[in-house]
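The briefing is meant for reading beside the coordinates.

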Amino acid sequence: MLGASRRSLCAAAAAARSRAAAGAAPAVSADAAASVPPRPVSNGAPRAPQQQKRLLSVLAAPKVSGTSNVASLKLMDGALIGRRYESSAAAVDSTDMPPAEKHEYQAEVNRLMDLIVHSLYSNKEVFLRELVSNASDALDKLRYLSVTDPELLKDGPELDIRIQTDKDNGIVTITDSGIGMTKQELVDSLGTIASSGTAKFLKALKESQEAGMDSNLIGQFGVGFYSAFLVADKVVVSTKSPKSDKQYVWEGEADSSSYTIREEKDLEKLIPRGTRLTLYLKRDDKGFAHPERIQKLVKNYSQFVSFPIYTWQEKGFTKEVEVDEDPAETKKEGGAEPQTEKKKKTKTVVEKYWDWELTNETQPIWLRNPKEVSTEEYNEFFKKTFNEYLDPLASSHFTTEGEVEFRSILFVPATKKEDITDRKTKNIRLYVKRVFISDDFDGELFPRYLSFVKGVVDSNDLPLNVSREILQESRIVRIMRKRLVRKAFDMILGISCSENRDDYERFWENYGKFLKLGAMEDKENHKRIAPLLRFFSSQSNDELISLDEYVENMKPEQKDIYFIAADSLSSAKNAPFLEKLTEKEYEVLLLVDPMDEVAIQNLSSYKDKKFVDISKEDLDLGDKNEEREKEIKQEFSQTCDWIKKRLGDKVARVDISNRLSSSPCVLVAAKFGWSANMERLMRAQSMGDTSSLDFMRSRKVFEINPEHEIIKGLNVACRSNPDDPEALKVLDVLFETAMISSGFTPDNPAELSGKIYEMMSSAIAGKWSTQSQAQPASPSPQHDAPAVEPEPIEAEVVEPEPVESGQKK
């Protein structure tokens with residue numbers, strides 16, 4: 001494992017004193033010395049030359065590409081305490097430098113590069129994550145070993161990681177103060193790509209995948225370090241182990257089959273402890289050497305690494321400087337009378353300098369005790385992590401222990417951004433040992449119907465493949481998925497139990513379809529999904545109710561949960577199937593969403609109450625009178641046979657209905673056939689199977705209401721004259737009308753319309769014409785016809801009879 005060093009002030013000073021005692025050359029080159037300005041003291045006087053020389057012998061200021069101004073590095077008062085400035089200059093040729101030892105790789109680099117670039121890593125930017133993770137592992141190892149051997153920290157107690165870039169030359173330097181490596185460890189760790197060659201490595205990887213085994217191969221083949229060759233042509237590793245007095249340099253190139261190891265003799269490049277990686281980037285990848293991009297990658301992938309990560313950044317501060325006055329203005333004002341001393345003109349300028357900046361200063365919120373985290377902190381973390389602007393509807397912070405240990409925080413967003421058809425989302429951010437791995441999953445941690453849930457998951461022992469990006473199908477992953485899903489349902493249930501009913505209405509409006517999809521796909525979690533579902537009902541006044549509310553409102557004699565599916569709420573409420581249930585005051589669920597019917601059918605039952613479709617045959621309302629039904633069947637058996645003969649294959653059979661009260665007839669689906677709503681949906685599918693559609697459509701039952709006048713009339717016609725064309729025509733119209741009222745689509749709407757128009761014509765043919773003959777309307781006057789004077793009417797004069805006195809008139 002790689003390691004790197006942190007140069008503390010005291011350790012560097014001790015090293016400088018030892019070099020001076022041995023007559024060593026100064027530790028800072030002329031260029032480096034010139035780039036460091038004298039440190040100001042409190043009284044403004046410059047530091048003494050000898051004191052400044054001692055400082056420069058300890059601290060090597062990094063050269064900033066493209067900047068020769070001494071103001072590029074400004075050392076403020078106290079800035080040197082606890083800081084480190086190192087040079088990224090290229091190696092200096094030395095005549096006394098020992099020759100480098102050449103070593104051959106144990107595997108073909110060409111095949112390794114092909115494996116890394118095309119198989120292991122899907123994104124080049126993960127190279128920084130891998131190298132920072134290796135540095136963190138080296139620091140972890142040093143911290144662990146220092147518990148029993150404190151002497152390992154004698155060269156500096158501080159443990160950190162520092163990343164420096166040279167964007168002009170395309171160089172990235174990663175330095176850590178970890179355990180470092182000896183010469184033999186360099187050969188074992190970086191020279192051995194695979195213990196028995198690349199072919200064996202590929203074979204082992206393939207066999208483990210085929211066997212479904214965990215492919216936890218990180219650290220076994222050194223591929224984490226070799227991710228550096230994704231972006232670099234050349235990599236130089238300079239490392240110093242506290243167990244060795246010498247510092248060694250490993251150097252390798254991407255297109256070479258060998259590498260070199262030599263002892264470091266350049267005094268400028270000696271480090272007290274740890275490892276420094278220098279990456280010479282490829283021409284197309286020099287964009288990674290920009291300080292801003294490095295800082296962004298660290299914040300994305302390594303923000304929560306337990307050790308501080310510093311990046312070399314350009315900073316600036318404003319100050320007032322004097323401005324030289326224009327001589328012309330000065331001469332013009334010279335003739336005026338002397339006044340009070342005029343203030344000198346100044347302007348504000350920005351002075352830039354380079355300094356280390358802590359990049360991963362955010363502490364992982366999921367590592368804290370949930371009791372110590374406020375709701376505002378959860379909301380702020382959610383908005384910042386997932387680029388949201390509204391507070392989440394709910395959150396869940398938990399830790400699981402046992403055979404699988406991980407920490408997680410889950411959120412339910414207030415608004416929906418994903419569609420139910422999206423296969424992949426970036427809502428779950430997976431961390432392993434606080435190092436970001438990936439947010440691109442396809443059902444490994446969460447099922448598709450819970451893809452709207454957002455959150456972070458952090459595990460210390462999650463099995464990963466070589467690239468750390470793809471989860472392996474293993475028992476641990478299945479257990480994690482099960483627990484995450486359970487916590488997600490608990491969080492959603494908390495919203496549904498909230499005193500504010502509007503919260504769950506907002507949730508259902510956004511994510512109701514997701515839960516219905518879960519009812520279709522996830523049979524194992526039906527008991528958790530069912531209480532969260534909401535539907536309209538015949539007694540809910542256009543408000544959604546839960547299944548628990550339905551069960552509470554059930555009549556004592558009611559055994560089942562009744563439902564009907566339709567294309568709209570109005571159609572469902574006015575369907576003839578509800579007539580008898582409405583009379584009995586039974587509540588019926590109205591399923592108007594295309595997913596409702598399939599979701600209910602997959603649930604099958606709820607709290608030992610079966611779901612019953614009232615639009616299908618064999619509906620049992622619990623009020624059967626066997627003697628009365630037997631009498632009615634005997635009375636209308638001939639009529640049922642006559643109707644079935646007339647309709648033929650359009651129906652499976654004709655029965656006496658027990659669900660109608662005001663309608664003459666209804667067309668119901670077979671018990672295992674499609675309902676009218678399902679048939680409508682299947683007909684709308686462009687890729688539907690027409691053969692199954694024809695089969696399911698033929699399974700309909702025509703039910704008649706024996707108490708209706710139309711059915712009574714047809715019963716008489718059947719007995720008196722079964723071949724009467726008028727009776728057969730009424731029967732055809734009756735069936736087609738029943739199809740429409742039951743939700744089905746007639747086979748020939750135009751023919752049905754013609755029959756209805758013909759019957760309407762015959763019904764009204766003599767009605768209004770008879771009235772017009774009995775009471776003819778007065779003709780309207782014609783403008784062209786001459787006016788006819790009316791004949792005079794002779795009046796008859798009737799003399800009144802004389803009235804005798806005493807008589808009443």
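The notes below take the sheets, then the helix contacts, then the pocket.

This is a predicted model, in which local features need pLDDT of at least 70 and side-chain atom pairs count only at pLDDT 80 or more, while totals for chains, interfaces and linings use all residues. Residues are numbered from 1 along each chain as its sequence is written, and side-chain values use heavy atoms, with hydrogens and water left out. Helices (H or I, at least four residues) and strands (E, at least two) are DSSP runs, numbered from the N terminus.

**The nine-stranded sheet**

- Nine strands form an open sheet in the order β1-β6-β5-β4-β7-β3-β2-β8-β9, with mixed pairing, where two strands pair if DSSP finds at least two bridges between them.
- At the edges of this sheet lie β1 (101–104) and β9, each of which pairs on one side only, and the twist averages 25 degrees from one strand to the next.
- Strand β8 (residues 309–322) pairs with β9 in the antiparallel sense over 13 bridges, and E322 has T346 in β9 as its bridge partner.
- Helix α8 packs on the sheet, where it touches β2 (161–166), β3 (171–176), β8 and β9, and its direction makes about 130 degrees with that of β8; contact here means heavy atoms within 4.5 Å.

**The six-stranded sheet**

- A further open sheet, of six strands, has the order β16-β15-β18-β17-β20-β19 and mixed pairing, with β16 (545–546) and β19 (605–606) as the edge strands that each pair on one side only.
- Strand β17 (residues 561–565) runs parallel to strand β18 (residues 588–591), with four bridges between them, and I564 has L590 in β18 as its bridge partner.
- Strand β17 is also joined by three bridges to strand β20 (residues 609–613), again in the parallel sense, with F563 bridged to D613 of β20.
- The pairing of β19 with β20 is antiparallel and spans two bridges, and S605 has K610 in β20 as its bridge partner.
- Two residues separate β19 and β20 in the hairpin that they form, and K607 in the turn has a positive phi of about 50 degrees.

**Helix packing around α18**

- Two packed helices are described by the angle between their axes and the distance between the axes; the axes are lines fitted to C-alpha atoms, for helices over the stretch in contact, and angles run from 0 to 180 degrees between N-to-C directions.
- Helix α18 (residues 626–647) packs against helix α22 (residues 725–741) at an angle of about 75 degrees, with the axes 11 Å apart, which means that α18 is roughly perpendicular to α22 (a term for angles of 65 to 115 degrees).
- This contact is made by W642, I643, R646 and L647 of α18 together with A727, L728, L731, D732 and F735 of α22, and its residues divide into seven nonpolar, no polar and two charged.
- In these classes, Ala, Val, Leu, Ile, Met, Phe, Trp, Tyr, Cys and Pro count as nonpolar, Asp, Glu, Lys and Arg as charged, and the others, Gly among them, as polar.
- The axes of α18 and helix α21 (residues 709–720) come within 9 Å and cross at roughly 75 degrees, so α18 is roughly perpendicular to α21.
- On the α18 side this contact uses Q634, E635, F636, Q638, T639 and W642, and on the α21 side I711, L714, N715, C718 and R719; by class it has five nonpolar, four polar and two charged residues.

**The largest pocket**

- About 780 Å³ of space lies in the largest pocket, the volume being the space filled by probe spheres set on grid points that are joined across faces, edges and corners.
- A pocket is an open set of points, on a 1 Å grid over the protein atoms alone, where a 1.4 Å probe fits, with protein on both sides within 12 Å along at least five of seven lines, and lining residues have an atom within 4 Å of a point.
- Of the 30 lining residues, the closest to the centre of the pocket are Q303, F381, K384, T385 and F386.
- At least two lining residues each come from α8 (291–301), β9 (346–358), α10 (375–386), β12 (428–432) and β14 (454–459), and α10 gives the largest share, six residues.
- By class, the lining of the largest pocket has eight nonpolar, eight polar and 14 charged residues.

Terms used
Parallel < 35°, antiparallel > 145°, perpendicular 65-115°, else oblique.
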